[in-house]
Amino acid sequence: MKIKSVIINMLLCILTYSNSIAYQHKQTGSPQEIIYHIFQRSFYDSNGDLHGDLNGIRLKLDYLQKLGVTAVLLTPLYESVFYHNYFSSDFKKIDPKYGTLNDYLSLIKELHHRGLKFYMDMETQYVTDDHVWWKDGLNNLNSPYSDFIIYDDKAHAKPTAIVYNLEGLKGYDDVYRKITTVNLNSPKVLEYNYQLFKYWMDPNGDGKFDDGVDGFRLDHMMDDLDGKHLMPHLFDTFWNPLLSKLRQVNPKVNIVAEQAQWLSLGLDYLQHGGVDRVFAFRLAYSIRAFNKKMLTENADSTFLATPADKQQIVFIENHDTPRFSYGVKGDVAKLKAGAALNLLIGGVPSIYYGQELGMTGTSAAFGATDANEIPNREAFEWYKSDQGKGMAYWYKQTGPHKDTFTNDKPNDGVSLEEEQNDPNSLWNFYRQMIAIRKANPVISQGTYKTLQNDNGQVFSFTRYDGNKQVIVAVNLSDKPVNANIARGNNSSLKVLYGTAKPAINGNSVAVNLPPFGVVVWGM
């Protein structure tokens with residue numbers, strides 16, 4: 001949810017979590033899934049209105065498959081007065097800027113035809129004053145929606161505030177809209193959500209699910225929504241009943257929760273919330289920090305604590321965070337090191353659109369407006385000139401800040417056109433890492449273990465299963481380094497990536513790594 005970015009700087013100062021380095025965890029689930037997370041309004045415009053849309057995504061599926069990803073996660077599609085589509089005005093309608101229901105169904109069927117999965121982002125905990133629940137229920141105790149939202153008074157004249165006690169938010173167009181909290185304690189709201197989610201799982205109701213979602217991302221999921229104690233046991237009263245009924249419709253549906261407390265490992269969600277996956281926030285902050293101690297402790301704790309039948313989504317950026325490239329000042333070597341950790345450490349990797357190009361951006365400081373997050377959600381850079389068919393420059397057309405979004409710079413080396421034919425580009429590095437992951441299922445299915453080494457700037461780990469093993473070593477510093485890495489009893493290693501050949505000496509392997517260098521060995 002976009003509001004969370006106001007505390008992102010605090011979260012980037014995450015405290016490390018103390019654990020030893022002997023932890024091991026074997027991952028189960030979809031072995032080769034690699035998610036591509038798209039802020040669709042900024043991806044590809046198919047009809048010339050400068051808004052990315054569903055048909056634009058469908059037109060670019062060849063691109064996604066060339067990159068190597070296997071699943072697509074979109075931000076919310078439902079109608080909203082806000083550009084990001086969180087805080088809905090109608091959950092049952094697709095935002096017309098994205099297209100029609102037929103456009104949506106065509107995309108889903110084409111994704112499934114190509115063997116790709118689709119995840120829908122849902123946040124049904126809040127609505128705007130444009131929603132029928134608000135319009136009909138306000139000051140109307142006889143409304144059929146009288147208990148669909150929470151009011152602060154018995155006359156239903158004052159809808160309650162949302163997270164951070166906000167009563168509304170100014171949009172990027174400088175228009176203020178009111179927002180309130182949905183009453184998840186209402187049996188009617190639970191039934192509404194069941195029917196809503198069930199519809200998107202199987203729109204034509206034929207039980208085949210070829211036109212439906214493969215799973216949902218639940219934005220800002222909480223047991224006690226916003227810590228207000230108005231709805232304090234939602235895992236038991238809302239989420240588990242809802243998700244159990246959905247699994248009766250399709251037992252294969254995959255539920256991903258965005259835990260509201262980003263410093264959390266999300267274990268309560270996995271153990272008590274009824275979900276299949278959470279986001280590895282601690283690991284993301286550790287990768288972004290290039291800090292061996294943080295990486296060691298948070299990788300170990302993340303993979304140790306996750307139940308064997310559950311999964312962590314491993315990422316380094318998303319729609320609520322500054323771009324990874326902004327944090328490393330566009331340093332391609334550091335971008336590649338981060339990409340290697342993102343894709344090879346295990347879990348279910350997620351790539352945020354444009355991450356593979358090194359797109360940059362960080363939240364602005366325009367005051368209380370959702371325009372602050374636009375720099376993290378700018379147009380995918382298809383062309384060297386940053387101009388051409390499909391460029392989704394919706395945010396440069398209106399609003400008081402439209403001339404301030406200038407992260408896209410022509411001829412800066414950051415575009416698909418500039419990178420796709422350069423074998424040393426970041427984009428091609430992503431393709432290489434994805435190919436290594438796919439060619440070595442042990443990365444996604446094997447047991448994780450941090451490997452000790454004698455250099456404070458080298459992070460090394462392995463994924464192994466029987467006689468199959470992959471070892472990864474990453475130099476976290478800007479200087480060349482040497483390290484001796486504990487390797488176990490394997491007799492031989494072959495180079496899967498990098499120029500550093502393993503020099504085996506007893507139970508360790510010596511390696512020389514360039515600044516921010518990466519080596520991948522397998523057997």
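Student: OK, two strands pair if DSSP finds at least two bridges between them. Which residue stands opposite Val509 in S21?

Tutor: Ile504 stands there. This is a predicted model, where local features need pLDDT of at least 70 and side-chain atom pairs count only at pLDDT 80 or more, while totals for chains, interfaces and linings use all residues. Residues are numbered from 1 along each chain as its sequence is written, and side-chain values use heavy atoms, with hydrogens and water left out.

Student: What are the labels H and S based on?

Tutor: They are DSSP runs numbered from the N terminus: helices (H or I) have at least four residues, strands (E) at least two.

Student: How many bridges join S20 to S21?

Tutor: Three, and S20 and S21 (residues 508-513) run antiparallel. They belong to an open sheet of three strands, in the order S18-S21-S20. S18 (481-486) and S20 (503-505) are the edge strands, each pairing on one side only.

Student: Which residues of H4 are buried?

Tutor: Asp103, Tyr104, Leu105, Leu107, Ile108 and Leu111. Buried means under 20% relative accessible area, exposed means over 50%, and partly exposed is in between, with a 1.4 Å probe and protein chains only.

Student: And what covers them?

Tutor: Among others, helix H2 (54-59), strand S5 (88-94) and helix H6 (187-201) are part of the cover.

Student: Is Asp309 buried or exposed?

Tutor: Asp309 is exposed, because its relative accessible area is 57%. Asp309 lies in the loop between helix H10 (292-305) and strand S13 (311-314).

Student: Which residues have the most contacts inside the largest nonpolar core?

Tutor: Tyr36, Phe43, Tyr104, Phe118 and Phe216, in a core of 133 residues. Such a core is a set of buried Ala, Val, Leu, Ile, Met, Phe, Trp, Tyr and Cys residues joined through side-chain atoms within 4.5 Å.

Student: What does Phe216 touch, leaving aside its neighbours within four places in sequence?

Tutor: Its contacts (heavy atoms within 4.5 Å) include Tyr119, Trp200 and Ile255. There is also a second, separate core of 14 residues, which includes Val481 and Leu513.
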